[in-house]
Amino acid sequence: MDPGVTVSASEQDQAVVGKLGLTPGLAVQEIGWDDDVDDEVRVMIEDAVDGELVEEAVEPVDLVLLWWRDSDGDLVDGLVEALPDLTDSGYIWLMTPKVGRDGYVDAVDLAEAAETAGLAQTTTASVSADWAATKLVRPKGSRR
């Protein structure tokens, strides 16, 4: 088989892992899980960080994986509620349905919510057929 003909699932996973900047040892809290999330993305993240996703953070986490749909309520509130569990250098990967999918969050609404919550939008990535990821960080020099 010619390796240039198809891209294996593991190669696709590695590309997503690279986009998301995941490394072994990161503590990842998951918020907003529901039946519609992409379980393959969840497993890929667990494999990349070599650990399970944390439901309730007991200690500060490096990353919050926040699944959010338009019907989940006020995104600003969701973002603000995720912040206390993060380390000072921690960040949020906001997972939202892609354009045209149920629960899609408009990019303008997302940007406004991030700014209102005191966060900066840095990177976006496609993580699956139905979900997109947006990295949100505290602006440099900001205080908690």
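Glutamate 112 sits in helix H4 (residues 107–116), where helices (H or I, at least four residues) and strands (E, at least two) are DSSP runs numbered from the N terminus. The model is predicted, so that local features need pLDDT of at least 70 and side-chain atom pairs count only at pLDDT 80 or more, while totals for chains, interfaces and linings use all residues. Residues are numbered from 1 along each chain as its sequence is written, and side-chain values use heavy atoms, with hydrogens and water left out.

Glutamate 112 has a relative accessible area of 48% and is therefore partly exposed, a class that lies between buried (under 20%) and exposed (over 50%), with a 1.4 Å probe and protein chains only.

Valine 43 belongs to helix H2 (residues 39–49) and is partly exposed, with a relative accessible area of 43%. Between valine 43 and alanine 114 there are 71 residues in sequence and 27 Å in space, C-alpha to C-alpha.

The count of aromatic pairs comes to one, with rings of Phe, Tyr and Trp (its six-membered ring) pairing if their centres lie within 6.5 Å, and planes under 30 degrees apart counted as stacked, over 60 as edge-to-face and the rest as tilted. Tryptophan 67 and tryptophan 131 form this edge-to-face pair, at 4.8 Å centre to centre and 85° between the planes. The pair links distant parts of the chain, 64 residues apart, with tryptophan 67 in strand S2 (residues 61–67) and tryptophan 131 in strand S5 (residues 131–137); both tryptophan 67 and tryptophan 131 are buried.
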